[in-house]
Amino acid sequence: MENIEKVHLVVEEKYFPPKDIVEECIVKDYESMYEKSMQNPTEFWEEIASDLYWFEKWEKVLEWDFPRAKWFVGGKTNITYNCLDRHVKSGKRNKVAYIYVDEDRNEKKYTYGELLELVNRMANGLKSLGVQKGDRVSIYMPNTVEAIACMLACTRIGAIHSVVFAGFSEGALRLRIEDAKAKVVITSTYTKRRGKKIHLLETVKEAIKPLNFVERVVVWDRDGELDEEEIDNRMVKLDKLIDNSSPVCEPEVMDSEDPLFILYTSGTTGKPKGVLHTVGGYMVNTYLTTKTVFNIKEETVYWCTADIGWITGHSYIVYGPLANAATSLIMEGVPVYPHPGIWWEYIQKYRVNVFYTAPTAIRMLMRFGEDIPAKYDLSSLKILGSVGEPINPEAWLWYYKNVGRERAVVVDTWWQTETGAHMITTLPSYPAKPGKAGKPMFGVDPLVVDKEGNPLPPNTVGYLVIKKPWPSMLRTCWGEPERYEKYWKEIPGGYYSAGDLASIDEDGYIMILGRADDVLSVAGHRIGNAEVESAIVEHPAVAEAAVIGKPNEIKGESIKAFVILKAGSVPSDKLVEEIKDTVREVLGAIAVPDEVEFVDKLPKTRSGKIMRRVLRARELGQELGDTSTLED
Ligand code: PRX
């Protein structure tokens, strides 16, 4: 972790929620519920977990053997039973679970009954391919209900899904399939973006060429356009699997601590980490946070604009909303196509009550002006969520005024792939402060400390840590337990170190200032500096590279790369484009640098570590800070 250098605009104004919203809130008295979760966690979590169905009740709520936690020890359940069967059995068979929409205004609704049947057929189909409990299945699919059904089909039978965002390149996909040693990969012929088809099957075919352990590739042939010759002996069509399988599939009895899924996320080294979540604690906490932060009721229409390829999609498109029997919108496409009011059009059309998106999207839509949202009836909105990066007060206020029309409340939710569920957020029942995430969620005990783990006074920026285990915390990094331990050992005191900078004010509101480590946040996507650097050096002309993040009005951060060429190579615009293409191929479009600068030397410590901090300070015209370890 490098030094603390970030400064933020602080808006001290409080925005009180309207009375009618507070009256409707499931949690009206945050303080006393939080107090209970801290003073009497066993009773607190037992009550929450009892809302859900368990084949066998747990014996103990928590077993904490630092830094390993087990939650709902001995409990047996299946998350799909809680997300689907439980609702179907209680009279919600015909309730709509998802409304799928796309850029062409196509719409398809799926009821809880239909989704259960689809999941069961897929689950039986996976079984027929030899997939068993504990096997890994990689999913590289468009943001559709079919993809959700694939995830649920895995968890129905106890297989561990590993969803890979369908914007990742062949190289990034291969790395994730290889690391998880997936037996089966599920994909689709294409996804749609900005009116164009993006081929996914071809990427999968290339990615798995050298991977002999991948036994089967299941393909959703969306338009029935695959020729028989294109189907090799590893491939099987999803429709065939569904048609040939029974609609009944008993849910696998899963232990609370059985693995649920792996999701790769960026760290400070070149290799992403496979964050592992387990069944019981993740289920309970995504259920609780969705219910209380978004105030999900019988009639609520909810829309999270994330992609299922990220943790926000896992927890707040799939598991949390389904556990609450919500009706959700899911969209395949981008926010500005076919026009920059498409989101507002859908909110108006479906009378969406809860809308959850990222600051980068808000800032992008702000550019088109307030006249665009003004054209739509957005009066159904009650809660506006934000996630993925700090929301600057300007964007917060734009969202509040032009989307929420000062009638809806803004909840800024801070959390991570590793935390599984919301950790720090405003609840709709108490006032929000623009630019500040809010207060800790139930059972979460945060603290801001210095490098040595000493607590810092209010309004002082330091490292954000969490003092105690929580139910939806990651259990390990797949195949790399030492990386898991690092979270708990980075800062003395036995805390979970989030890798973020934060400060806490006198009212207990927490402001998140961004990453404290070598991880970038570009348009809300988490990308390791080292990941981009190792992609760049794959270009044959490159000897060495260093990457920094620069403040960017829309994306939060943009990537700048400093590149040393090998002897004999000459800087040119063509080379810049080639380097960008290399990153696009190795990682995907989201990681491509905006700027590439050729240099002769990089600032390094005497032990040879690149000092990105120095590069960044120089680039931004800031003080260089402590340079005593600089080699030269
Ligand atoms: O830096 C924080 C930022 O996103 C990081 C986690 O990224 P990821 O695991 O990809 O999960 C993103 C979606 C939960 C955090 O370490 N972050 C996330 N939410 C916020 C945020 N920063 C400020 N405010 C937030 N609300």
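1. **Before you start.** Because this is a predicted model, local features need pLDDT of at least 70 and side-chain atom pairs count only at pLDDT 80 or more, while totals for chains, interfaces and linings use all residues. Residues are numbered from 1 along each chain as its sequence is written, and side-chain values use heavy atoms, with hydrogens and water left out.

2. **H4 and H5.** Start with helix H4 (residues 79-92) and helix H5 (residues 112-128), whose axes come within 9 Å and cross at roughly 140°. The labels are DSSP runs numbered from the N terminus (helices are H or I with at least four residues, strands are E with at least two). Axes are lines fitted to C-alpha atoms, for helices over the stretch in contact, and angles run from 0 to 180 degrees between N-to-C directions. H4 and H5 are therefore oblique to each other; angles under 35 degrees count as roughly parallel, over 145 as roughly antiparallel, 65 to 115 as roughly perpendicular and the rest as oblique. The crossing of H4 and H5 is left-handed, meaning that the near helix is turned anticlockwise from the far one by less than a right angle (clockwise would be right-handed).

3. **Who touches whom there.** Cys83, Leu84, Asp85, His87, Val88 and Lys92 in H4 meet Tyr112, Gly113, Leu115, Leu116 and Val119 in H5; contact means heavy atoms within 4.5 Å. By class, the contact of H4 with H5 has seven nonpolar, two polar and two charged residues. Here Ala, Val, Leu, Ile, Met, Phe, Trp, Tyr, Cys and Pro count as nonpolar, Asp, Glu, Lys and Arg as charged, and the others, Gly among them, as polar.

4. **H4 and H11.** H4 also packs with helix H11 (residues 311-323), at an angle of about 50° and with the axes 8 Å apart. That makes H4 oblique to H11, and the crossing of H4 and H11 is left-handed. On the H4 side you will find Ile79, Asn82, Cys83, Arg86 and His87, which meet Tyr319, Leu322 and Ala323 in H11. The contact of H4 with H11 has five nonpolar, two polar and one charged residues.

5. **H6 and H11.** Now look at helix H6 (residues 145-157): its axis and that of H11 come within 11 Å and cross at roughly 60°. H6 and H11 are therefore oblique to each other, with a right-handed crossing. Ile148, Met151, Leu152 and Thr155 in H6 meet His314, Ile317, Val318, Tyr319 and Leu322 in H11. Seven of the residues in the contact of H6 with H11 are nonpolar, two are polar and none are charged.

6. **The ligand.** Of the 16 residues around the ligand, Thr413, Thr417, Asp500, Arg515 and Arg526 come nearest; a residue is near a molecule if one of its heavy atoms lies within 4 Å of it. A polar side-chain atom of aspartate 412 lies 2.8 Å from a nitrogen atom of the ligand. For threonine 413, a backbone N or O atom lies 2.7 Å from a ligand nitrogen atom. Threonine 417 places a polar side-chain atom 2.5 Å from an oxygen atom of the ligand.

7. **Backbone details.** Phenylalanine 66 and proline 67 are joined by a cis peptide bond, with omega about -5°. Proline 67 is in the loop between strand E1 (60-65) and strand E2 (68-73). Another cis peptide bond joins tyrosine 337 and proline 338, with omega about 5°.

Methods. A polar contact is a pair of N or O atoms within 3.5 Å; within protein, one must be able to donate a hydrogen and the other to accept it, and residues adjacent in sequence count only if both atoms are side-chain atoms.
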